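Student: I am new to this structure. Could you walk me through it, one question at a time?

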Amino acid sequence: MIALDREGWVMIQPHRGAFVVGLDENSTRDHYELLGRVYGYGALRTAERASDDDLAALAGVHTSLQAADSTEEFSQLNIEFLRRIVILARSRRVSATIRLMAVSIVPGDFFAEVPDAVKVHKRHLKVIMKALKARDGQTAEKEMINLLREESDIVVGLLTERGILGDNAPTP
């Protein structure tokens, strides 16, 4: 319960109990904005701190990710790509913050549930990888933020369509 409270899924009130916190559009968009900013900062630091060999290995993952033709394969490669960005940032604070934030709002295999996100990721990750190779951390950071903002638009649309957000959403 304490972990769920820290992640924002429940609210613990002393002497009253724990209560589920419902999703709303603002919280959903804020979740993706914060993810974009933390991963973006990781990308900025990766551009500054990664060795040429590190970036070459990351580029290899990126090439496989771009070629992935199933959502399952893409999902695993995307996790690996982002994991390496965090590692190459060489910051315990970035790693710790990502561990707290990297909770999916969409249950299950994100890219299977939100197939439009694959195309969005591939497009933005091309720009991010190009910027990292050029050691242009500011562009990589900005593009990571843009990626997660666009993803939030897709997720909000999907959750609204499913009646989880918006006028037809269940009330907590």
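Tutor: Gladly! Let us start with a term: a crossing is left-handed if the near helix is turned anticlockwise from the far one by less than a right angle, and right-handed if clockwise. This is a predicted model, in which local features need pLDDT of at least 70 and side-chain atom pairs count only at pLDDT 80 or more, while totals for chains, interfaces and linings use all residues. Residues are numbered from 1 along each chain as its sequence is written, and side-chain values use heavy atoms, with hydrogens and water left out.

Student: Which hand does the crossing of α3 and α7 have?

Tutor: Helix α3 covers residues 52-67, and its axis lies 11 Å from that of α7 at an angle of about 160°. Axes here are lines fitted to C-alpha atoms, for helices over the stretch in contact, and angles run from 0 to 180 degrees between N-to-C directions. Angles over 145 degrees count as roughly antiparallel, so α3 is roughly antiparallel to α7. The crossing of these two helices is left-handed.

Student: Which residues of α7 does α3 meet?

Tutor: A contact means heavy atoms within 4.5 Å. From α3, the residues taking part are Leu55, Leu58, Ala59, His62, Leu65 and Gln66. Their partners in α7 are Lys122, Leu125, Lys126, Met129, Leu132 and Lys133.

Student: Is histidine 124 buried or exposed?

Tutor: Histidine 124 sits in helix α7, residues 116-133. Leaving aside residues up to four places away in sequence, it touches Glu143, Asn146, Leu147 and Glu150. Buried means under 20% relative accessible area, exposed over 50%, and partly exposed in between (1.4 Å probe, protein chains only). Because its relative accessibility is 4%, histidine 124 counts as buried.

Student: How do α3 and α4 run relative to each other?

Tutor: Helix α4 spans residues 71-88, and its axis comes within 9 Å of that of α3, crossing at roughly 160°. Therefore the two helices are roughly antiparallel.

Student: How many helices and strands does the protein have?

Tutor: Helices (H or I, at least four residues) and strands (E, at least two) are DSSP runs, numbered from the N terminus. Along the sequence, the pattern reads α-β-β-α-α-α-α-α-α-α. That comes to 8 helices and 2 strands.

How values were computed
Parallel < 35°, antiparallel > 145°, perpendicular 65-115°, else oblique.
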